[in-house]
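Here is a briefing on pockets and the residues that line them. Look at the structure, then read the points below.

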Amino acid sequence: MTAGERVSSIASHLGLKGKMDAGVSVFNNVPMAPPDPILHLNTLYKADPNPHKINLGVGAYRDEQGKPWVLPVVRKAEHIIIEDPALDHEYLPIDGLKTFTEASVRLILGKSSPAVLENRYVGCQTISGSGAVRLGAAFLARFRKAPIYISKPTWGNHRAIFADAGLEVREYPYWNPEVRGLALKELLDTLKSAPNGSIICLHPCAHNPTGVDPTPEEWKLIAEVIRDKSHFPFFDCAYQGFASGDLDRDAGAVRYFVEQGFELLVAQSYSKNIGLYGERTGCLTVVTRTPEQATAVRSQLCKLQRAMISMPPAFGARIVSMILNDEKLFGQWMVELKTMADRIITMRRELFNALSELGTPGTWKHIVDQIGMFSYTGLNANQVKVLIEKYHVYLTDNGRISMAGLNSGNIRRFAEALDWVVRNVK
Ligand SMILES: Cc1ncc(COP(=O)(O)O)c(C=O)c1O
């Protein structure tokens with residue numbers, strides 16, 4: 001029997017014809033998902049032909065010319081890596097590049113952290129901060145069946161990531177619109193009334209979107225309630241060093257919790273502070289009570305990571321590892337990090353001064369009091385709509401602006417537009 005005859009005989013045995021029509025599409029019932037609000041805003045901005053348009057939506061650093069900035073220290077590290085004849089493109093281990101994760105753990109916890117000295121930590125490389133939040137969420141969904149509390153408001157992706165991992169998402173109040181600051185009492189009340197053992201997602205610095213951080217005294221109260229209620233802290237640290245220009249200061253809340261003996265998770269991102277946005281470079285740090293627990297936790301993180309991404313990408317981790325582990329490059333990074341932080345702080349002051357000069361109704365001191373990439377202006381959705389349509393200023397409808405989108409060329413124009421909407425739009 002020839003091969004063709006064998007196929008025909010199997011077909012006739014199984015009642016198959018050997019040809020078919022296309023059938024019904026699997027995708028007929030897939031509804032359109034809503035666009036991501038921030039990415040959508042970016043699309044609208046790009047499509048706007050107005051030469052004076054201003055983009056205050058996207059959370060990425062821009063220099064005085066409004067351009068992305070590749071840190072010179074990153075360029076230096078890239079050259080060293082590329083010219084290394086020993087460089088290969090083999091897979092990294094599942095938990096990532098060891099020199100990178102070890103340095104990342106020390107960066108956030110501090111070299112003399114009790115967790116580091118007692119060897120009771122895990123560092124696992126992730127797909128940037130988002131991946132660290134996602135991996136941490138997956139871990140908690142398996143090993144800590146409890147609701148997770150996120151701040152209201154928070155980074156737009158927290159709810160989606162935690163819910164996608166199977167956690168029940170609840171909220172704690174964070175923003176008090178009257179004082180345009182922290183809703184401390186409501187926050188503490190909510191944590192107190194949460195079921196014992198809940199997971200609490202906290203921004204250690206440069207809270208997104210409000211730019212409002214608890215003071216050290218306020219952190220102590222938050223920690224006390226978390227301890228009293230046996231809650232579990234999950235820090236999402238996307239702006240270490242970028243917020244104040246000082247890495248240690250921005251890690252203060254995390255380090256305080258570790259000193260108080262807490263076990264915790266920290267998601268770290270190198271998108272903003274080293275500007276590696278598209279390289280997707282991050283780390284999930286876990287502090288346990290014993291080294292044995294750390295070994296078990298690492299094994300479970302590896303199991304989860306293997307199922308999600310197999311292994312993390314190498315290039316960004318190599319860059320960060322080189323910068324964190326080389327004294328000279330580290331020193332250069334400190335200077336460049338401060339350049340970014342200081343430019344943002346200057347823009348806050350200039351915006352505040354311009355609004356004061358214009359006599360814009362309302363109080364605007366929160367613009368200088370807030371910290372980090374974003375300012376929560378207090379503008380409402382109607383005012384935002386007019387800013388976009390009449391003034392070509394793009395910002396999210398909760399009134400959040402990315403301070404990095406401002407520069408000496410556009411700040412006056414923005415202040416005048418803001419002044420107009422505050423006076424004319426309710
Ligand atoms: C609070 C917070 N967490 C996490 C991230 C994640 O950023 P990435 O995934 O680029 O590291 C961001 C970015 O804007 C953020 O603001």
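Helix H2 gives the largest share of the lining of the largest pocket, seven residues. Helices (H or I, at least four residues) and strands (E, at least two) are DSSP runs, numbered from the N terminus. This is a predicted model: local features need pLDDT of at least 70, side-chain atom pairs count only at pLDDT 80 or more, and totals for chains, interfaces and linings use all residues. Residues are numbered from 1 along each chain as its sequence is written, and side-chain values use heavy atoms, without hydrogens and water.

**Largest pocket**
- A pocket is an open set of points on a 1 Å grid over the protein atoms alone, where a 1.4 Å probe fits, with protein on both sides within 12 Å along at least five of seven lines; lining residues have an atom within 4 Å of a point.
- The largest pocket holds about 1300 Å³ of space, counted as the space filled by probe spheres set on the points.
- Its lining has 50 residues, and Asp36, Ile38, Trp155, Gly156 and Arg400 lie nearest the centre.
- Elements giving two or more residues include helix H6 (128-143) and strand E3 (148-152).
- Domain 1 (37-68 + 342-424) and domain 2 (91-325) both contribute to this lining, so the pocket lies between them; the bounds come from an automatic or database domain assignment.

**Second largest pocket**
- This pocket has about 610 Å³ of space.
- Its lining has 27 residues, with Asp213, Pro214, Thr215, Pro216 and Arg249 closest to the centre.
- H9 gives the most, four residues.
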